[in-house]
Amino acid sequence: MLQTYYKMVDDAITELGINADETKGEQAGQWNLRKGKFEIMIDVWEQENQFLFQVVAPLCSLPDENKEGFLLHLLQKNYGLSGVAYAIMDDSVFLKHTTEAGSLTKENIIGLLTKTAFYAEQSAFVPQEEN
């Protein structure tokens, strides 16, 4: 069953005009894409007899100052997001979407990847790259 989901992700990536083979991670069920300065990681795996699909885009580190204000800002921004949410793990901020893979279609995957890239680019709090 995992192979079916792997193929669906490969097909979605290919439809976006990207060579899916070049995006595959070290382990089966992992892909890494780039959109500008942002990385978009895709994972498909089995856990407790369920197949899961996840898209994660690392954005930035938590600030050293005014951490509470920044966290409140993220919570308020979550209200306006569709299909993804800001999440924190350790000291890093991500955009994240996790769902059961059984409900996916290639079109859903394309939409989630496009949406994640859009929201990542719109995250005004992410430090700009130095030239």
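Which residue takes a positive phi in the hairpin of β4 and β5? I looked there and found D90, with a phi near 60 degrees, in a hairpin that has two residues between the strands.

**Basis of the entries.** I note that this is a predicted model, in which local features need pLDDT of at least 70 and side-chain atom pairs count only at pLDDT 80 or more, while totals for chains, interfaces and linings use all residues. Residues are numbered from 1 along each chain as its sequence is written, and side-chain values use heavy atoms, with hydrogens and water left out.

**Entry 1: the sheet.** I took helices (H or I, at least four residues) and strands (E, at least two) as DSSP runs, numbered from the N terminus. I counted two strands as paired if DSSP finds at least two bridges between them. Five strands form an open sheet in the order β1-β2-β3-β5-β4, with antiparallel pairing. β1 and β4 (85–89) stand at the edges with a single partner strand each, so one side of each has no neighbour in the sheet. On average, neighbouring strands are turned by 30 degrees against each other, direction ignored. For angles, axes are lines fitted to C-alpha atoms (for helices over the stretch in contact), and values run from 0 to 180 degrees between N-to-C directions.

**Entry 2: strand pairs.** I recorded five bridges between β4 and β5 (residues 92–100), in the antiparallel sense. In this pair, A85 has K96 as its bridge partner, and M89 stands opposite S92. β5 is also joined to β3 by nine bridges, again antiparallel; there C60 has V93 as its partner. β1 and β2 pair over six bridges, and K35 is partnered by F38 in β2. These two strands form a hairpin with two residues between them, and G36 in the turn has a positive phi of about 65 degrees.

**Entry 3: the helix on the sheet.** I found helix α1 (residues 2–15) lying across β1, β2 (38–47) and β3 (50–61), at about 160 degrees to β2. Contact here means heavy atoms within 4.5 Å.

**Entry 4: aromatic pairs.** Rings of Phe, Tyr and Trp (its six-membered ring) pair if their centres lie within 6.5 Å; planes under 30 degrees apart count as stacked, over 60 as edge-to-face and the rest as tilted. I counted three aromatic pairs by this rule. The ring centres of Y6 and W31 are 5.9 Å apart and their planes stand at 70 degrees, so this pair is edge-to-face. Y6 lies in helix α1 and W31 in strand β1, so the pair ties together parts that are 25 residues apart in sequence.

**Entry 5: the largest pocket.** Which element gives the most to the lining of the largest pocket? I found that α4 does, with five residues. A pocket is an open set of points on a 1 Å grid over the protein atoms alone, where a 1.4 Å probe fits, with protein on both sides within 12 Å along at least five of seven lines; lining residues have an atom within 4 Å of a point. Among the lining residues are L16, L33, R34 and F118.
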